[in-house]
Amino acid sequence: MTGLSTILIVVGLFLAGGVYSFWKQKMPKGLIVLVSIGAVMCLVAGVMRLQGVWD
């Protein structure tokens, strides 16, 4: 597991938790969508790096 992959996955999981928190607090849907996209991008990038796609 490389350092960058670990950071991307941790940031993605942190953002996913933020999405849940924002949804519970009934924050604006635009903000929830934006954070959701960021979480998915970080998680996908981290997993792809783990698999060696971008190495």
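Modeller: What follows is a short exchange about the labels used here. The model is predicted, so local features need pLDDT of at least 70 and side-chain atom pairs count only at pLDDT 80 or more, while totals for chains, interfaces and linings use all residues. Residues are numbered from 1 along each chain as its sequence is written, and side-chain values use heavy atoms, with hydrogens and water left out.

Biologist: Why is α1 called roughly antiparallel to α2?

Modeller: The axes of helix α1 (residues 3-24) and helix α2 (residues 29-50) come within 8 Å and cross at roughly 155 degrees. Angles over 145 degrees count as roughly antiparallel, under 35 as roughly parallel, 65 to 115 as roughly perpendicular and the rest as oblique, and therefore α1 is roughly antiparallel to α2. By class, their contact has 19 nonpolar, 5 polar and 1 charged residues.

Biologist: What makes the aromatic pair of Tyr20 and Trp23 tilted?

Modeller: The centres of Tyr20 and Trp23 are 6.3 Å apart, with 35 degrees between the planes. Rings of Phe, Tyr and Trp (its six-membered ring) pair if their centres lie within 6.5 Å, and planes under 30 degrees apart count as stacked, over 60 as edge-to-face and the rest as tilted, so the pair of Tyr20 and Trp23 is tilted.

Biologist: Why does Trp23 count as exposed, and why does Met48 count as partly exposed?

Modeller: Buried means under 20% relative accessible area, exposed over 50% and partly exposed in between (1.4 Å probe, protein chains only). Trp23 has 58% relative accessibility and therefore counts as exposed, whereas Met48, at 26%, counts as partly exposed.

Technical notes
Axes are lines fitted to C-alpha atoms, for helices over the stretch in contact, and angles run from 0 to 180 degrees between N-to-C directions. Helices (H or I, at least four residues) and strands (E, at least two) are DSSP runs, numbered from the N terminus. Ala, Val, Leu, Ile, Met, Phe, Trp, Tyr, Cys and Pro count as nonpolar, Asp, Glu, Lys and Arg as charged, and the others, Gly among them, as polar.
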